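Open the model in your viewer with the sequence panel beside it. The stops below say what to select next and what is there.

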Amino acid sequence: MFVAQEPSPPAGGAAFGQIVIAAAMFVAIFLPLAVFVIRERAGRPTLLGRLADFSARVSGLPRWAALPMAIAFLSGMSALIGVYWDVPIHMELGRDEGPLANPSHYPIYFGLMGIFAGGVLSAALAKGRLPARTIAFGPGWRVPMGSVQMMATGLVGVAGFPLDDVWHRLFGQDVTEWGPTHVLMIGGGVGVVIGLQLLLAESRQTGADGPLVRLLGPVLAGAWMMGASAFLMEFDLGVPQFPMLAQVVLVGLIGGWTLLYGRLSWGPGGALLVVAVLLVSRAVFAIVPLVAGLHVALPLPYVTEAVVIEAVALLLRGRRGYPLAVAAGLASGVLGLAGEWAFSQWLMPDPWPLSHAGTFLAFGAAASVAGALIGTWQYGRVEAIALGREGGGARHWGGLAGALGAVALMAAITVPAAPPPGFTATVQLADTAPGLPVAHPRGTAEPRWVTATITFNRPDLTADPLWLTGFSWQGGDFYSAPLERLPDGRYRTTRPLPVFGQWKTGIRIHVANRMMALAPLYAPADPAAAAPAVPAASGAHEFLAEIKFLQRERKTGTPLVLWTVAYAVVGSLFAGMWVLFAWLYTAAARGARRTAATRRNASEVP
């Protein structure tokens, strides 16, 4: 399935020919879509229009919701299938020859375009009975708020592709999942679910009802959990490039938000339905990596958090709003994450250490409360939109507190810290045979496998690490295994390490709560990235900030002002997507309440 790569693939942007092909693919999709929009708004019959009418009759949703929701959901699945295929490819085989040389990029690209197309389709189909609050796109053309949210998030995701190429040209390639433009693509792709939830609420406002409409509440909450959990993939695979506390906070935040929303929207069992959507989707995402012989990302299942939230909701039955959010968030963040700690020992390549449980539970509980506050706020807006009244007494202050808390938590723990100067490992390498099986051998270099015995000059840093592993990647496979401590205080690798060909090998250490460092043991010369060779030799190896080794393709001579401007642009796009989410939900809810109040007043007139 994979073609052997050259020793030093391009480390900048895509070749011009590939840009032309990608642009042609974009035109091939959106030119027919533009023709459809023109014909549909002119009142002419179209195939998609007839299909939308059929979908509306079957589902009970309006024509501007039924077909667009299905297209957006299938497109999102396509994009996520590609993402869960793409990250293991980079983990095992390194960077791409170009964006079209990687087969996983096709489902991502088409999926993101499909998500945006779903929003455009919804806007084009917006006729007949519409929600109380809409946005004017032109004379006689008003669009539901959910359609706007879908288009906006889809556009952010699609924009990530050309911006990614610009980023590579300016700053070199970036093989981390959390690269700025990668966050745009993933965030825009999965953020469409928030638009679908808004579109569902607007559909209910216009009279949509029935078993499917009701079931879509927890199902879309599960889809939001499914999408947001994609940001945890590097932890699931064992190549995290951010501190372990980021995983804990994200698990608490995502779980508190989506599970409580699912419970509120469905009633008893709603949180369990959310988890079911996640686990079924992750089984689907595992199919292509399994067939391709790649590593499979195994998730933390959120099961204990779901059970805890169900139990709290039963104990506080009749209570809604922010008191329930705080109680459910605290219980889920402590008891639920304690259960996820147990699952991490079984499922995670880097399990959560018991010695750091106190810190994990404190941050996790804060994140879970923040997520529960946001979920409760969102549910309140949805009920206000659908029914013309506030749902559960959820005023804005709780949602704002949750959002600010989530931002503060991520800002506090996300950025890794560099190791202290002079931190070294004295390594004794010993050749060993045989080595480990390699799934996708690369090149013709003579295999060399070694074991390493290591003496650290800072025993205080290795006394209680979050992880301390021998690490090898991008040589045709991926290996990571904890070091074992010897009686004399030295450490030894527990699996042979490859030090030949395209492998990049080192000793990784993560010290609470943010220091992440790596001592390189071997790496080939990389002329395209201007990265020198690291020969495999015994002796002292200095620890450096991990990102400098894991992202050797990054350019070092780019002016700081250019980095600042680039991060500001990408950050503004991402932040703008969330601000738009809050405004659209608030505006749609306010319009629905005003309409409901007008109707009540009219009915009271004698």
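This is a predicted model: local features need pLDDT of at least 70, side-chain atom pairs count only at pLDDT 80 or more; totals for chains, interfaces and linings use all residues.

Start by selecting I547, which sits in helix α16 (residues 546-550); helices here are DSSP runs of H or I with at least four residues, strands are runs of E with at least two, and both are numbered from the N terminus. I547 counts as partly exposed because its relative accessibility is 38% (buried means under 20% relative accessible area, exposed over 50%, partly exposed in between, with a 1.4 Å probe and protein chains only).

Residues are numbered from 1 along each chain as its sequence is written, and side-chain values use heavy atoms, with hydrogens and water left out.

Next, select G60, in the loop between α2 (47-59) and α3. G60 has a relative accessible area of 33% and is therefore partly exposed. The C-alpha atom of A208, 148 residues apart from G60 along the chain, is separated from that of G60 by 5.7 Å. Not counting residues up to four places away in sequence, G60 touches A208 and D209 (contact means heavy atoms within 4.5 Å).

Is S75 buried or exposed? Its relative accessibility is 11%, so S75 counts as buried. Leaving aside neighbours within four places in sequence, S75 has contacts with G111, G114 and I115.

Now show helix α9 (residues 244-266) together with helix α13 (residues 322-347): their axes come within 10 Å and cross at roughly 130°. Axes are lines fitted to C-alpha atoms, for helices over the stretch in contact, and angles run from 0 to 180 degrees between N-to-C directions. The two helices, α9 and α13, are therefore oblique to each other (under 35 degrees is roughly parallel, over 145 roughly antiparallel, 65 to 115 roughly perpendicular, and the rest oblique). To see the contact, display V248, V251, G252, L260 and L264 of α9, which meet L324, A325, A328, L337 and E340 of α13. By class, this contact of α9 with α13 has 8 nonpolar, 1 polar and 1 charged residues.

Turn to the open sheet of 5 strands, ordered β6-β5-β10-β11-β13 with antiparallel pairing (two strands pair if DSSP finds at least two bridges between them). At the edges are β6 (478-482) and β13 (544-545), each pairing on one side only.

Select β5 (residues 467-473) and β10 (residues 504-511), antiparallel strands joined by 7 bridges. Which residue of β10 is the bridge partner of T469? R508 is the partner of T469. F471 has G506 as its bridge partner in β10 and S480 in β6. β5 also forms a hairpin with β6, with 4 residues between them, and Q474 in the turn has a positive phi of about 65°.

Finish on β10, where 8 of 8 residues are buried. K504, G506, R508 and H510 point one way, and T505, I507, I509 and V511 the other way. In a regular strand the side chains alternate between the two faces of the sheet. On to β11 (residues 515-522), which pairs with β10 over 7 bridges; R508 has L518 as its bridge partner there. The hairpin of β10 and β11 has 3 residues between the strands.

Terms used
Ala, Val, Leu, Ile, Met, Phe, Trp, Tyr, Cys and Pro count as nonpolar, Asp, Glu, Lys and Arg as charged, and the others, Gly among them, as polar.
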